[in-house]
Amino acid sequence: MLIRLENIRKSYKLGNNEVPVLRGIDLDIDSGEYVAIMGPSGSGKSTLMNIIGCLDRPTSGNYYLNGNNVATLDRKALAQIRNREIGFVFQQFNLMARSDALENVMLPALYAGTPSKERKVRATELLERVGLGAQIQQRPNQLSGGQQQRVAIARALMNRPSILLADEPTGALDTRTGEEVLALFEELNAEGITVLVITHDQEVGNRARRLVRLRDGLLETETSQVMSAQ
Ligand code: ADP
Ligand code: ADP
């Protein structure tokens, strides 16, 4: 099992009160899956994504990532796991404006200490893989939104993460460009990459091979739609 969440709870302090946001999440994700987590605004999607992405820790519960319980790690250990295991894709791309596509994609490998020649070879291959072989020297403002998101996807894959974690990856794109990004996720998943998309967009959720819903801090059981249809 790549990801196992056991009774994950998260609450935030609000004055003297603890406000529960996640109220006991259980979720297993196997290597090679393509999962969407959907839920209305305020349902706790970002909170859950931050925990799965090792950006934040749960208040209680266990989180096994590749078999290691990361729920209790300190911030530094969490950051190390995060850099190795998680590739992030954000709504707003978050590219370095002054760097070209190649430099943006190489950056995570710089932090990881990969030798410079290897960085360049792999980043070039990844940019070719996402259809941007001719744009490697373009800066973000010379690229369309969809192209920028594909640079961000290549960057996310640079350190060979266990999982590609995308938060509203099409939220800043028009329908057609968003479609290209979703098609790319499907291709990458078919090549074996594990994809987890967090979205409030039903169209995006429908494209995943498994869809789980977050409501009021709990995951709805995945069989409920089937059962209610019987
Ligand atoms: P979503 O991503 O589904 O919109 P969030 O995880 O951002 O949901 O937020 C869920 C709830 O938790 C909201 O009520 C939000 O205001 C609250 N919340 C999120 N982060 C914090 C925080 N750092 N401190 C206090 N409350 C928070
Ligand atoms: P989204 O719904 O798109 O995730 P939000 O505006 O809810 O965006 O949250 C943006 C950031 O602010 C998140 O990192 C979230 O954890 C934090 N946040 C949300 N609500 C609160 C809050 N009430 N207090 C403090 N931080 C919050």
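Here is a short chat about the cores and the ligand shell of this predicted model.

Reader: Hi! What should I know about numbering and cut-offs before we start?
Author: Residues are numbered from 1 along each chain as its sequence is written, while chains are lettered from A and ligands numbered from 1 in the order in which they are written. In this predicted model local features need pLDDT of at least 70, side-chain atom pairs count only at pLDDT 80 or more, and totals for chains, interfaces and linings use all residues; side-chain values use heavy atoms, leaving out hydrogens and water.

Reader: Great. Which residues touch the most other members of the largest nonpolar core?
Author: Those are V105, L127, V151, I153, L164 and F185, out of 36 residues. A core here joins buried nonpolar residues (Ala, Val, Leu, Ile, Met, Phe, Trp, Tyr and Cys) through side-chain atoms within 4.5 Å, buried being under 20% relative accessible area with a 1.4 Å probe, protein chains only.

Reader: And which helix gives the most to this core?
Author: α5, with six residues; helices are DSSP runs of H or I, at least four residues, numbered from the N terminus.

Reader: Switching topic: which residues are around ligand 1?
Author: Y12, V21, P40, S41, G42, S43, G44, K45, S46 and T47, each with a heavy atom within 4 Å. Helix α1 (residues 45-52) gives the largest share of this shell, three residues.

Reader: How far is a polar side-chain atom of T47 from an oxygen atom of ligand 1?
Author: 2.6 Å. A polar backbone atom of S46 lies 2.8 Å from an oxygen atom of the ligand.

Methods: Buried means under 20% relative accessible area, exposed over 50%, partly exposed in between (1.4 Å probe, protein chains only). Helices (H or I, at least four residues) and strands (E, at least two) are DSSP runs, numbered from the N terminus. A polar contact is a pair of N or O atoms within 3.5 Å; within protein, one must be able to donate a hydrogen and the other to accept it, and residues adjacent in sequence count only if both atoms are side-chain atoms.
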